[in-house]
Amino acid sequence: MIASLQRFVEALRARGVSVSPSEVIDAVRAADAVGPEDRARFRAALAMTLAKDRRALAVFDDVFEGFFAPPARGGAGQGTGERGGEGGLAGRGGGGAETGEGKSAPRDDREAQARAARRASRPAPRDRASARTLRALPEHLLRGELAKAKTPDAAPRAGRERARPPGARPPAPVRAPRAVETEGTREPARRSRLSRLLATEEHRTETAAADPRRRDLASPMTPADERELAREIPRVLDEIRLRHTRRMRRAPRGRLFMKRAIRENLATGGVPFRIPMRRPRRRRARVVLVVDVSWSVATASGLFLLLAMEILRLDRRARVFFFVDHPVEATDAVRGWLRRGPGETGTGGTAPHPPLARTPARLAAARGHGSFRGRAPRRGRGAASGVLPPWGGRSFGALLEDVPGLDPAAASDYGRAFWALSEGPLRVLARGAVLVVLGDARTNRFDPLPWAFEEIASRARRVLWLVPEPRSRWGTGDSALPRYLPFCDVAVEARDLEGLAHGVREMAASL
Amino acid sequence: MTQAKAAVSPEQIQERFEQEGFVCSPEVGTALFLSETLGRPLLLEGPPGVGKTEIGKLWAKLHDAPLVRLQCYEGLDETRALYEWSYGKQMLYTQLVKEKVGELLAGAGDLKSALGSLKGQADEFFSKDFLLARPLLQVLMSDRPSVLLIDEIDRSDEEFEAFLLEVLSDAQVSIPELGTVRARHPLRAILTSNDTRELSDALRRRCLYLHVDYPGPEDELRILARRAPQLGEDLARKVVRFVQGLRRADLRRAPGIAEVVDWALALVAVGATGLSGADLRPTLGALLKNRDDIERVLSDPGKYRS
């Protein structure tokens with residue numbers, strides 16, 4: 001059983017679930033305690049030891065079905081293999097036609113099976129280290145752990161009651177459930193770099209299908225995809241806000257504040273129970289957002305502003321500039337766009353942030369109206385530029401059309417925009433600021449004028465660039481990104497919601 | 001309570017929960033059994049109102065153990081959760097023993113010897129007598145095994161989560177002035193989360209994880225039969241179908257189990273025979289706690305009945 005569990009864990013890891021060695025040990029002990037007779041319980045035991053969040057649970061269900069054949073099917077190994085193939089296909093299908101997959105499964109059976117096997121043999125990149133540890137964690141060690149759990153004297157936690165008192169049913173004989181066994185699961189085959197790359201991409205699209213945060217914002221989305229993404233936005237907002245407002249008591253820092261120490265400890269007869277410290281107060285940097293709003297990246301821009309302004313809502317000095325072929329100041333327009341209705345005023349003295357308890361409600365509201373409203377595509381703007389704040393209001397697309405002097409359908413010209421900014425508003429504003437640029441730097445072969453950007457960047461305290469494109473495409477075609485990146489402190493791949501949130505966190509960290 | 005304390009099998013746990021009037025799914029039974037067997041805390045995650053806290057309370061009851069509950073909130077820190085020095089008491093004692101200290105130091109010739117004779121005594125002020133034990137420390141130091149319920153962990157800050165790791169994985173805490181306090185009994189801990197934010201991997205790794213969802217129609221029917229038997233089977237079925245329909249609709253706040261039971265009792269109280277608009281109007285406040293939701297449902301109740 002241990003061997004098949006290990007293979008099962010590897011299959012989970014191949015699908016991006018991170019499982020630590022201690023969790024594997026837990027799983028082995030849990031499986032032993034429950035026994036494989038009752039499939040539902042066996043499954044529950046593995047699920048609660050190996051899959052620790054909803055995302056992982058979804059993958060777990062998929063892999064479990066393919067791995068441990070239900071007893072009712074009773075067929076030979078062939079039957080289980082088939083299920084594995086199906087599971088693999090369904091995982092990749094995403095929002096596509098689900099009805100067709102069931103039918104096509106037998107035909108592609110062999111290929112799908114081989115693919116599933118290959119996947120199973122390959123640990124996800126971030127899990128490689130722990131996978132190595134697991135391999136170094138040999139079977140006999142796990143067996144030893146199991147034996148320890150069985151003998152009460154040597155139980156890892158002394159004093160724990162025995163799992164089964166003497167009167168209860170004897171420990172079930174450990175029987176291995178039938179598992180899919182293919183060549184790939186045993187010996188990871190050597191593969192060429194290209195096929196490895198392809199595999200990574202395959203894995204990425206697979207996880208993307210399961211996770212709305214990983215969905216490529218540039219790819220076309222069905223209304224269902226958009227709804228899922230919209231549902232995710234309030235959660236991301238909350239995560240950013242929570243991370244930003246930490247309030248735990250910290251260790252004392254700075255110099256002793258003698259005057260206050262004497263005053264505060266008068267009540268205790270001069271015995272210093274409270275020791276106040278004086279910390280030099282650092283002035284928060286101004287944030288300047290420079291955002292490319294041409295239709296091709298408008299979805300990412302809109303979402304980014306939604307997330308970023310969550311942090312900058314109370315920051316009166318923050319400024320926003322839009323540009324396509326020339327820059328336009330849009331601070332007021334963006335603030336107006338993101339202003340909450342009278343029922344949801346987040347601004348105002350007492351409650352700087354709307355209470356967290358309201359979040360699920362807002363989340364539900366987002367479900368109702370949709371942060372994305374499926375608009376008819378017009379002039380290539382695409383349905384995706386209908387980004388809406390979760391609490392309702394205008395779409396980002398509508399906002400862009402209303403900003404005076406801005407034409408989102410124009411040809412992007414980064415060089416001219418940066419030059420105008422460096423000569424104009426950013427001459428003063430960029431000094432000591434945190435500068436955040438969002439754009440793909442596709443400048444239609446116009447001169448990128450990197451020195452203009454350098455001018456701005458050299459004045460700023462910190463420069464972040466969010467690129468709404470996969471890293472593999474940076475600098476390809478008409479992208480002038482490599483000319484600009486040397487002047488940036490951080491470049492973030494922000495092709496999906498998670499990437500954007502990462503960029504915003506970076507921004508918050510540099511304030 | 002005379003029941004045997006050790007959890008023998010998932011089935012038995014399930015049975016005992018049923019005896020207590022809690023409709024227990026096999027997953028919950030298995031989870032509690034494994035938590036006991038493996039000695040791991042159990043993390044229950046799910047929407048509000050599905051009975052996560054209730055599981056913790058019943059678990060304590062079945063073990064005939066006191067329940068120590070730690071309600072988390074934003075800004076909760078170790079002085080509220082673990083321990084705090086009782087400054088007031090320390091102050092008071094300092095004043096009381098002032099003269100005694102004078103006597104002690106009378107013989108000392110110089111400052112050095114005075115400090116030397118005080119050295120051994122000063123630690124007295126940082127002993128267990130001056131320690132205010134908060135829930136976590138109470139559990140670790142108690143003479144009887146108790147059940148620790150850490151409620152709504154997702155409301156606390158990330159730092160607090162990190163601070164919990166030592167308690168959850170090794171059942172011990174380190175207090176700088178006292179040293180390490182180890183649990184005298186195996187720690188039975190249940191954590192609940194409403195999933196309003198992502199918990200850290202480190203925390204999840206130390207726990208068994210169970211996602212508790214709203215019950216299916218059959219289970220919900222059984223719950224109603226237990227909690228509101230006066231309702232009658234026919235009406236109960238209608239109620240369940242209606243509520244399941246509500247949960248599928250995108251309401252601001254979906255009704256939890258306790259609210260459904262309240263609503264059923266309210267329907268009984270007004271003598272409702274069906275779910276017509278006249279029956280809904282006065283009672284719906286027991287089920288839905290948001291004005292928009294109520295208006296939406298009242299405008300077209302038929303949509304949710306099917």
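How many of the residues of α2(A) are buried? In this predicted model, 13 of the 14 residues of α2(A) are buried, and the helix is mostly covered. Helix α2 of chain A comprises residues 21-34. Just after α2(A), a positive phi of about 85° is taken by G35(A).

Burial also characterises strand β5 of chain B, residues 147-151. Since 5 of its 5 residues are buried, the strand is largely enclosed by the rest of the structure. In a regular strand the side chains alternate between the two faces of the sheet. In β5(B), V147(B), L149(B) and D151(B) lie on one side, L148(B) and I150(B) lie on the other, and both faces are covered. β5(B) is joined to two further strands of chain B. Strand β2 (residues 67-71) runs parallel to β5(B) and is joined to it by 5 bridges; here L70(B) stands opposite I150(B). Strand β8 (residues 188-193) is likewise parallel to β5(B), with 4 bridges between them, and in this pairing I190(B) is the residue opposite L149(B).

Over all chains, the structure holds 25 aromatic pairs. One of them is formed by F8(A) and F67(A), whose geometry is edge-to-face, with 5.3 Å centre to centre and 65° between the planes. This pair links distant parts of the chain, 59 residues apart: F8(A) belongs to helix α1 (residues 2-14) and F67(A) to helix α4 (residues 54-67) of chain A. F8(A) has a relative accessibility of 0% and therefore counts as buried. F67(A), with a relative accessible area of 6%, is buried. In chain B, the ring centres of Y83(B) and W85(B) are 6.2 Å apart and the planes stand at 80°, so this pair is edge-to-face. Both Y83(B) and W85(B) are buried. In chain A, one aromatic cluster is formed by F323(A), Y414(A), F418(A), F453(A), W465(A), Y484(A) and F487(A).

Terms used: Residues numbered from 1 in each chain as written. Chains lettered and ligands numbered in written order. Predicted model: local features only at pLDDT ≥ 70, side-chain atom pairs only at ≥ 80, totals over all residues. Heavy atoms only, no water. Buried < 20%, exposed > 50% of the residue type's maximum accessible area, 1.4 Å probe, protein only. Helix = DSSP H or I, 4+ residues; strand = E, 2+ residues; numbered from the N terminus. Pairing = 2+ DSSP bridges. Expected span 1.5 Å × (residues − 1). Phe/Tyr/Trp six-rings, centres within 6.5 Å; stacked < 30°, edge-to-face > 60°.
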